[in-house]
Amino acid sequence: MRVRHPMQLANNDVNLESLRSDLVSQIAILLIISSGFIAWLLLIVEPFPWLLGAFWVFHAFLGTLILKLRAEHPLRARMLLLAICNLSVLMAMVLFSETWIPFLSMPLILVNAILINRGEWLTTALALASIFILSELQYRDYPTIVMYIAMISALALSVIVRQALHRTIDWTWMLGLKSIDLLEIARDRQGELNRTVKALRAANEKLLRMQTALVRAQREAEAAKRAKEQFAANISHELRTPLNIIVGFSEVLFFSPRVYGKSDWPPALRTDIAHIYHNSYHLANMINDVLDLSRLNKSEFSLSLEGCAAGELLNSAITILEETFVSRNITIYTDIAPAMPELTVDMTRIRQVLINLLTNAINFSDIGSSIFIQIKYDDFIEAFVFSIRDEGIGIAQKDHQHIFEEFYQIDSKLSKKHQGAGLGLAISKQLVEAHNGKIWVESDLGQGANFYFTIPTKKNYELASTSPKPLNKPVISKSNSTEKSPIVLVYDATDDIVDRLRNKNDKIDFVHITNTQNWEDHCENYQPQAIVFNANCHEPIATQALVDIPLIEYKLFDNKWSEKFLSVQKCLNKPITSVELESALAEIGYVKRVVIIDDNRGFCQLVERMLQTFKQSFEVKHAYDPNRGLHLIKTFQPDVIILDLIIEQDSDGFELINTLQNTSELSEIPIIVISAFTFDEAITEQHENRIVATFPGNTNPYEIFDLLSEIVGKSVK
């Protein structure tokens, strides 16, 4: 229930009386001060005018009396003040002959209109009567007509002012009442707001607790995911060497049984060996998928972009699976659009995507069915569109959003029938998205499946300007904005990083420079806001020479770089095949003597068996640790060394390679490096691999964290 404010009990008369009381008080004070001041001035007059002095002292006394009466008898005080003022003007008109004195009644008319109801009429009447009497008696020569007009005008003005004052007081009073109502409403709203704020504060605290729990759960989930990935990678690495032995020996037994001498093996034994070979080979592929997915999830891979024809890339994938197509009597129909632009991709990665999708189509198609492949170029999206359609069992709509997830199986029965760990599509999705493309499926149960993926074309990053370009100066990509975009120099031997940065951020001009020569001139010409630098491709930049330019230094590995970094002939990953080993030896040329160094005796035996399957004969020696291997190399003088990088001994393959390269008589011997680890992982464990970000001056590091994230796919904190 709202309580009425005490002011609401008052009325307009109370407000008007308060205004009159204040006005009387101020006029009385003015009267006392002015009368006292005039009396003081009269003291210097000789002789002293006693009558005039008494007059002003009496006025000061009356002013004091008015102040006392104002509180208890406000009407009497106003009447007394009105009488004093009118009497003073009248006496002045009688005593002094100046014609301006009657005009003093004009402000009195206005004041009296406020002090007393209808008081302006009384003052006006007294003034007009005084002027008339003094003029008629010819005691004063006043301009009566002018004075009459002035007094009547003052009266009219006073009436208007009094009415306006009353309306103003009424309006002010109503406004005050409305303000009180609004104040009460505001207080109610404030109470509601306080209650809402309290509820929001409680909700915010609850939300904060939930966010904290969510962050904790997210961290635990990420830690679990990393642990899962690391576990899968570690297990896969540990399985590679023994599995390589199984696959290798079964391959030799199945394809080259002659190396074991003459033997009349029964058909059942050969069938069993074939089963061992095919299933171990399938298991090796699954382990490779797990490792590939682990590296993709951890962004431990880079793209090696090169130009190629889309049709040639497809034909290379089909050739790899040709025997599978023939064995299942599957017909391949291809539709490759003519006159397409050059495709710029990592051929190995996109070939892997095609193989995964074709293998998926084969596994879920019946014997004697067909697979339709189409490649076209879409001018609207400026991308190549690949389509692989089969006549298999199809995919339900509810599974479309899940089939690209890791280890997802559409149906457990189907997974047993068609084999596979559910990783091929997940890996394909990662590789396509690494090329800034998209992958999706269109299918229904019983109607086959049609998989699509797009690969954007390599953008033309030339300047929009038609002016001639300076010699030996890289070109820049310009956005359509009229504002000048910030410039970042990218020093890298390939344009992979540059392409990815440009595709992710079109508001920055990334200038690709393939060497660090004259880098100071580049900085002067371009005035970059940052420099991105691949330490594996160039000589280091003198950071002390950078006055105010942030420098981002990173390292990316691939097999070709690993061969160059280790100064070896070839890098092969376990499990290896006879074909891979024979191809690596063919690149060397004439090879007769071979030294195999690996701490796994079974793997050494496997490599020797593979060598025995070749048309050429070899002299083979084994060593099971680097120290014995070095002694054997010095005494045997081999034509090639087959070496495992990671050896669980006091010294490893890295130390042996360094020793051989620093020994003049041994430095020219070709080395084929074999490892169960990928070489970027092996080298990373032995050598520093990090990102170095230098921020000279007052540069804010947070401004280029996104740039670092784009380079390596990690969050820098």
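Me: Which ring does the charged end of arginine 593 sit over?
Reply: This is a predicted model, so to speak a computed one, where local features need pLDDT of at least 70, side-chain atom pairs count only at pLDDT 80 or more, and totals for chains, interfaces and linings use all residues. Numbering runs from 1 along each chain as its sequence is written, and side-chain values use heavy atoms, leaving out hydrogens and water. A charge counts as over a ring with NZ of Lys or CZ of Arg within 6 Å of the ring centre and within 35 degrees of the ring normal. At 5.1 Å from the ring centre, arginine 593 has its charged end over phenylalanine 636.

Me: And how far is the charged end of arginine 601 from the ring centre of tyrosine 624?
Reply: Arginine 601 also puts its charged end over a ring, that of tyrosine 624. The distance to the ring centre is 3.9 Å.

Me: Are tryptophan 440 and tyrosine 452 stacked or edge-to-face?
Reply: The whole structure holds 7 aromatic pairs (Phe, Tyr or six-membered Trp rings, centres within 6.5 Å; planes under 30 degrees apart are stacked, over 60 edge-to-face, the rest tilted). For tryptophan 440 and tyrosine 452, the centres are 5.3 Å apart and the planes at 10°, so the pair is stacked.

Me: Is tyrosine 452 buried or partly exposed?
Reply: Buried means under 20% relative accessible area, exposed over 50%, partly exposed in between (1.4 Å probe, protein chains only). Tryptophan 440 is partly exposed at 32%. At 18%, tyrosine 452 is buried.

Me: How do phenylalanine 614 and phenylalanine 618 pair, stacked or edge-to-face?
Reply: Phenylalanine 614 is buried at 10% relative accessibility, and phenylalanine 618 is buried at 17%. With 6.2 Å centre to centre and 75° between the planes, their pairing is edge-to-face.
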